[in-house]
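Please keep the structure open while reading.

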Number of protein chains: 4
Amino acid sequence: MSQVGRRSKKSWRAILDAAYGPLEEGGYQSVTMGGIAARAGVGRQTLYRWWPSRAAVVFEAFLDKVNAGPFPAGGDFTASLRAYAHGFIDLYVKGAGGARLRELIGAAQTDPDLARALTEQWFEPRRAPVREALREAQRAGVVRADVDPDTALDLVFAPLHYRLLVSGQPLDAAYADTVVDLCLQALRVPGDRGPGAAHR
Amino acid sequence: MSQVGRRSKKSWRAILDAAYGPLEEGGYQSVTMGGIAARAGVGRQTLYRWWPSRAAVVFEAFLDKVNAGPFPAGGDFTASLRAYAHGFIDLYVKGAGGARLRELIGAAQTDPDLARALTEQWFEPRRAPVREALREAQRAGVVRADVDPDTALDLVFAPLHYRLLVSGQPLDAAYADTVVDLCLQALRVPGDRGPGAAHR
Amino acid sequence: MSQVGRRSKKSWRAILDAAYGPLEEGGYQSVTMGGIAARAGVGRQTLYRWWPSRAAVVFEAFLDKVNAGPFPAGGDFTASLRAYAHGFIDLYVKGAGGARLRELIGAAQTDPDLARALTEQWFEPRRAPVREALREAQRAGVVRADVDPDTALDLVFAPLHYRLLVSGQPLDAAYADTVVDLCLQALRVPGDRGPGAAHR
Amino acid sequence: MSQVGRRSKKSWRAILDAAYGPLEEGGYQSVTMGGIAARAGVGRQTLYRWWPSRAAVVFEAFLDKVNAGPFPAGGDFTASLRAYAHGFIDLYVKGAGGARLRELIGAAQTDPDLARALTEQWFEPRRAPVREALREAQRAGVVRADVDPDTALDLVFAPLHYRLLVSGQPLDAAYADTVVDLCLQALRVPGDRGPGAAHR
DNA sequence: TTTTAATCGAGACGGTACGTCATGTCTTTGT
DNA sequence: ACAAAGACATGACGTACCGTCTCGATTAAAA
């Protein structure tokens with residue numbers, strides 16, 4: 001999925017644009033290889049030369065448009081967590097990215113290649129800095145150290161995606177804040193007032 | 001999706017069987033309306049007469065096979081939560097249901113009708129008894145009453161589905177137990193040792 | 001095709017009407033058994049009970065509407081011939097019958113039952129009186145007696161149908177008159193001035 | 001219906017063969033687009049790409065097989081006429097072409113495109129040389145000049161097609177000869193012994 | 001008058017063919 | 001040489017009718 005060989009820069013741009021346009025207009029189902037090729041003024045073979053499947057093209061187009069950079073991830077664990085949660089709401093709920101990501105995750109359920117690409121190129125880059133901040137907090141003793149970091153992170157990451165993909169219940173900043181608070185509560189060092197205490 | 005008119009019981013059975021068979025063998029993608037009809041010895045129109053889409057047939061077949069009844073849901077909130085979590089692992093991870101449900105949820109991302117059907121006929125019936133137990137616990141004062149029940153439930157429900165659908169990380173009984181414990185910790189009444197304390 | 005058994009007069013009427021209506025609106029192709037039944041407020045089985053095929057229903061509806069009676073056929077051979085020719089033009093070209101008959105003859109090319117019904121119930125009743133007049137003329141010696149009557153009649157009958165079905169060239173009263181004249185010329189007793197002489 | 005674009009010669013041959021085979025075996029009704037495609041080892045879309053309808057494919061297959069060339073058409077009007085009449089009998093009655101042409105003309109009654117194609121590519125090429133011979137004879141004064149050539153030709157062409165399509169009466173060489181003789185009689189210059197006199 | 005059996009409408013059923021769409025591969029053509 | 005254009009085989013889609021088959025409801029003759 002990366003640019004190699006004699007791949008023409010111009011065609012590459014045209015293809016990604018041609019793939020993302022219909023994605024926003026008609027959704028994932030409306031994007032077809034033939035349609036992308038025609039829109040991009042490109043032979044169909046060119047698509048198959050560089051991408052293994054429709055999902056791959058669409059995902060790269062999605063990355064290209066949406067990947068302005070991972071969510072801001074500085075400071076301590078609590079800040080990281082809040083930043084992630086608010087970034088999630090901004091991108092997926094307020095922005096147009098949510099519908100696209102939903103469809104891509106949907107397609108990934110029957111497309112292992114896409115699933116792997118999503119994990120490696122989308123989820124993990126966003127998860128890693130928060131995980132690092134968590135480990136730092138664990139080392140500093142401000143959150144429980146006896147919980148696997150990935151499990152702990154799921155307490156915040158999972159509810160956000162769950163409402164997006166599964167439950168369909170409201171997904172907004174208030175929910176994100178609540179979830180973060182509950183997570184911090186769960187990770188509180190026993191006997192302490194908790195890592196988020198100072199912020200309230 | 002319910003039996004109305006003079007729908008033939010025999011055909012209905014044959015269709016659901018014919019839809020679920022290939023589902024296990026080749027996955028959701030390999031199930032086609034024509035294939036179901038042929039396997040069931042049924043006219044194609046009969047499928048379209050009673051179901052609006054492939055997803056609807058497959059979902060009904062899934063319900064028919066897997067819906068042996070919701071997860072056991074008796075007792076107090078903690079027991080309910082553990083029962084749900086273990087039921088989830090048993091059905092989705094140890095059993096064959098997980099792959100099917102993943103594909104259905106995937107399809108639901110681009111099929112609002114299926115999404116609604118999943119929520120109403122699958123998720124909500126399993127969520128409701130646990131929610132009720134939670135409300136009871138809130139009234140009894142053993143868990144925090146200042147948290148929206150659905151948000152609280154998400155702390156357990158979401159991570160399970162998240163690992164199934166999104167992260168691909170290990171999903172086993174140990175993880176389920178940890179998640180339940182963290183949830184109880186988060187919902188602990190401040191100053192109390194928490195509802196799950198006696199169990200540890 | 002005749003009314004027998006418990007056949008309901010009311011349904012029979014409704015069916016013939018329901019069959020002829022769409023015939024005029026959308027042509028033979030647009031008439032379907034299901035459509036007729038629905039329009040007539042009749043069960044589909046009722047149609048199949050009384051008619052063997054769509055063609056049979058349509059033909060009976062055609063007869064019912066158009067069969068106001070054969071063309072007038074009195075007098076001598078010349079008058080008979082002219083009467084037939086003008087009747088043909090009036091019904092098939094000026095009236096709406098031509099399009100219907102064309103379609104029925106078209107269907108008859110692949111439907112022997114319809115072909116037989118057309119011959120027996122439509123063509124022959126119109127041909128017979130003219131043939132009889134011809135035989136009379138042959139006995140009276142005013143037209144050649146050494147020509148098979150059916151062959152002789154074809155000289156007029158055939159060109160009219162030919163233009164309707166095959167050549168698509170103009171088919172009007174002038175053409176009909178010319179054809180009749182040429183036929184009379186061909187059948188003239190050698191040495192005589194011909195049977196049509198007195199009329200010119 | 002003509003070969004344009006990059007139409008594959010091989011597929012084109014296979015399709016015409018595949019269309020004509022079932023035509024002879026089961027008649028026009030038994031020929032289906034799907035059947036042709038399967039027999040020809042060709043995608044269904046390829047048929048729809050190049051032909052607008054089943055009738056068009058079948059007609060082209062008919063032309064391809066039967067169109068060994070128009071009926072021989074040399075010499076004077078009388079010879080032309082006899083040649084046409086005998087060619088008609090040979091091809092349509094003795095050969096297998098008659099059944100095919102009947103069905104095609106039948107289909108043409110509800111298919112204007114096919115009707116036009118039949119006229120332009122089948123009937124007119126056969127009619128034109130005889131018409132030319134007739135005009136020559138009219139100029140030479142051996143047949144009546146006061147009759148429209150097309151009307152005159154109908155005296156022979158029409159009866160042959162009429163018996164084929166409509167009346168179902170015997171259609172053989174004797175009938176053809178009689179019809180030709182009667183036509184020549186009808187077209188005889190008044191007072192003359194007729195153009196065919198020398199041949200008898 | 002009541003029973004009873006044929007006939008009706010309605011429409012589900014297993015099928016066949018339709019014409020369209022998208023797929024992924026292969027071929028031609030122009031640059 | 002490469003890439004656009006697009007033809008190709010494949011196969012699923014959803015629709016339209018077909019002719020057969022149950023259903024109850026109606027209805028008209030037989031009891």
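The contact between chain B and chain A draws 37 residues from chain B and 37 residues from chain A, in a model that is predicted. Together the two chains bury about 3200 Å², with carbon and sulfur atoms accounting for 59% of that area. On the side of chain B, the residues that lose the most area to chain A are Q109(B), Y162(B) and L182(B), which together make up 22% of what that side buries.

Polar contact across the interface of chain B and chain A is found for 14 residue pairs, both residues being at pLDDT 80 or more. Helix 6 (97–108), helix 7 (112–140), helix 8 (149–167) and helix 9 (173–187) of chain B are the elements that give two or more residues to the side touching chain A, and helix 8 of chain B provides the largest share, 14 residues. By class, that side of chain B holds 17 nonpolar, 11 polar and nine charged residues.

Chain B is superposed on chain A by a rotation of 180° with 0.0 Å of shift along its axis, at an RMSD of 0.1 Å. The same surface serves both copies, since 100% of the contact residues of chain B recur in chain A.

The contact between chain C and chain D takes 38 residues from chain C and 37 residues from chain D. The area buried between chain C and chain D is about 3100 Å², of which 59% comes from carbon and sulfur atoms. In chain C the greatest losses of area to chain D fall on Q109(C), Y162(C) and L182(C), together 21% of what that side buries.

Two salt bridges are counted between chain C and chain D, and the side chains of D154(D) and R163(C) meet in a salt bridge at 2.8 Å, N to O. Of the side of chain C that touches chain D, helix 8 of chain C gives the largest share, with 14 residues, and the residues of that side divide into 18 nonpolar, 11 polar and nine charged.

DNA strand E is surrounded by 37 residues, the closest being Q45(A), W50(B), R49(C), Q45(D) and Y48(D). Among the atoms of DNA strand E within 4 Å of the protein, 65% belong to sugar or phosphate, and the rest belong to bases.

| Residue | Polar atom | Distance to a phosphate oxygen of DNA strand E |
|---|---|---|
| T46(C) | side chain | 2.8 Å |
| G34(D) | backbone | 3.1 Å |

Elements giving two or more residues to the surface near DNA strand E include helix 2 (33–40) and helix 3 (44–50) of chain A and helix 2 (33–40) and helix 3 (44–50) of chain D. Helix 3 of chain B gives the most to this surface, with five residues. The residues of the surface near DNA strand E comprise eight nonpolar, 17 polar and 12 charged.

Technical notes
Residues are numbered from 1 along each chain as its sequence is written. Chains are lettered from A and ligands numbered from 1 in the order in which they are written. This is a predicted model: local features need pLDDT of at least 70, side-chain atom pairs count only at pLDDT 80 or more; totals for chains, interfaces and linings use all residues. Side-chain values use heavy atoms; hydrogens and water are left out. A residue is near a molecule or strand if one of its heavy atoms lies within 4 Å of it. A polar contact is a pair of N or O atoms within 3.5 Å; within protein, one must be able to donate a hydrogen and the other to accept it, and residues adjacent in sequence count only if both atoms are side-chain atoms. Helices (H or I, at least four residues) and strands (E, at least two) are DSSP runs, numbered from the N terminus. Ala, Val, Leu, Ile, Met, Phe, Trp, Tyr, Cys and Pro count as nonpolar, Asp, Glu, Lys and Arg as charged, and the others, Gly among them, as polar. Contact means heavy atoms within 4.5 Å. Buried area is the accessible area (1.4 Å probe) that two parts lose on being put together, summed over both. A salt bridge is a side-chain nitrogen of Lys or Arg within 4 Å of a carboxyl oxygen of Asp or Glu. Copies are superposed by least squares on the C-alpha atoms of residues with pLDDT of at least 70 in both.
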